[in-house]
Amino acid sequence: MPCKVITCRTLVLSHWLNKDASPSATKELDLDGWKDVIRSPIQEEPNEIASESEEDSLLAATRDLVEMWRLSGKVVPENISEEELKILMECPTKSSKKKYIKFLAKKEVMKKARKEKQEKQREAKKELRLKATENVESGLKNTFFLKFWSKSEDAIYNWKAAQSMIFGQPLIFDMAYENYMARRELENAVKQLMESEGVNRRAMDPFHLHYCNLKVGSPYHKEFIKRYGEAWDNLFVTVTEKAHVEIFPRDQLVYLTADSPNIMKKFDHDKIYIIGSLVDKSIQTGLSLAHAKRLKLATARLPLDRYLQWTEGAKNLTLDQMMRILLTLKDTEDWKEALQFVPQRKHAGFVETAPYSKHQIDTWKKTKRDDEMASKDNACKPFATKFSRQEIKKKWWEDVSE
């Protein structure tokens, strides 16, 4: 059987088809470069998709882990947000994950108890109002005092805080310690700062608060926005990314730290005090003192040993306690009244403020009394001698007359 021969022609397009081009004008193509250019957009999309899918899978795995712990009877919160799941996912060890889950469960229980307490208080207030309306007759009360509304009270506090930003004494909270705290410690620090701001706003003569070294987008800043919400932009507080050394003169700054060798004797209205915004449960000694020495600032500590019988524990106070102590010192300059805000569980009472013992004071009083009596005796001696001379003369004349 004869075989058929099929002829194929190939069309070759080369640079010789171009009339202007010549064989000597050929250009070498960089194939590796073309490959990188072609593959780059194709590779980026799968990487992003892969990273998202990996994150979703890790979140799903953490959810399954939490459910498994719940079924096994461990202490697990009922509701967990995505943010809390991400924090749990970032925990490096299994023990740290268990501790964080336990912390969330305790937090949830405390939140429920707080809500129940608030509801009970609301019901009690409603009952009191109903009883008051039943007892009070219709019409106005027989009083010449005007009703003081909560809105007007809040406006007065805001007005005083606004005045303190112009005329008040500055008080600085240093936010440069966020890298030395765990997440729970940072949350506690923000909570204490919120309490301090409220105490300062309600004071008779509030400070001008400065939050220094607070960077936008930092963990401190995110936690503030999360807790304050829209009210963050309306606070009467100066927030800046600059350090306190860049804003105020160095000779006016005094860093308050429990590790300082210098004891604060009195409150100076011309100084600007700095408080380190640090909640340190592990008690890293000398951290704020080293920071102040690095900046070449004067340091001071409260005279707790002089006025209090300290029993146990480190002499570290919370941020809101420091705020109350400084406000009381500013108004009264009385250490005994200011140190009443130190928790009583940390000390056994106040020390006697007298610098000398009772026996020494009694002996000094006795010697003073003896000196006064001796001086009186010395003052009466010339009159006594003059009277005795007159008697002698009289007796002599009497003898002569006889």
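Tutor: What follows is a chat about charged side chains, pair by pair and patch by patch.

Student: What should I know before we start?

Tutor: This is a predicted model, where local features need pLDDT of at least 70, side-chain atom pairs count only at pLDDT 80 or more, and totals for chains, interfaces and linings use all residues. Residues are numbered from 1 along each chain as its sequence is written, and side-chain values use heavy atoms, with hydrogens and water left out.

Student: How many salt bridges are there?

Tutor: The count comes to nine. A salt bridge here is a side-chain nitrogen of Lys or Arg within 4 Å of a carboxyl oxygen of Asp or Glu.

Student: Why would such side chains pair up?

Tutor: Side chains of opposite charge can pair when their charged atoms come close.

Student: Ok, which residue does arginine 183 bridge to?

Tutor: Its partner is glutamate 187, with the closest N and O atoms 3.7 Å apart. Both residues lie in helix H5 (residues 183-201), four residues apart, about one turn of the helix. Helices are DSSP runs of H or I with at least four residues, strands are runs of E with at least two, and both are numbered from the N terminus.

Student: Is glutamate 187 buried or exposed?

Tutor: Glutamate 187 is buried, with a relative accessible area of 10%. Buried means under 20% relative accessible area, exposed means over 50%, and partly exposed is in between, using a 1.4 Å probe and protein chains only. Arginine 183 is partly exposed, at 37%.

Student: What about glutamate 223, what does its side chain meet?

Tutor: Glutamate 223 meets arginine 227 in a salt bridge of 3.1 Å, N to O. The two are about one helical turn from each other because they sit four residues apart in helix H6 (residues 219-228). Glutamate 223 is buried at 4% relative accessible area, while arginine 227 is partly exposed at 34%. As for networks, salt bridges with shared partners join Glu83, Arg183 and Glu187 into one.

Student: And lysine 330, which side chain does that one meet?

Tutor: Lysine 330 meets aspartate 205 in a salt bridge, 3.6 Å from N to O. This pair links distant parts of the chain, 125 residues apart: lysine 330 is in helix H10 (residues 319-332), and aspartate 205 is in the loop between H5 and strand S2 (208-212). Lysine 330 counts as buried at 9% relative accessibility, and aspartate 205 counts as partly exposed at 36%.

Student: Now the surface. Which residues form the positive patch?

Tutor: The positive patch gathers Lys107, Lys111, Arg114, Lys115, Lys191 and Lys226. Helix H3 gives the most, with four residues. Patches are made of residues with over 30% relative accessible area and no salt bridge; like charges are joined within 9 Å, and nonpolar side chains (Val, Leu, Ile, Met, Phe, Trp, Tyr) within 5 Å. The place of a charge is NZ of Lys, CZ of Arg, CG of Asp or CD of Glu, and areas come from the Shrake-Rupley method with a 1.4 Å probe, where for residues only the protein chains shown count as cover.

Student: Which residues form the negative one?

Tutor: Glu116, Glu119, Glu123 and Glu127 form the negative surface patch. Glutamate 123 lies in helix H3.

Key:
Lys and Arg count as positive and Asp and Glu as negative; His and the chain ends are not counted.
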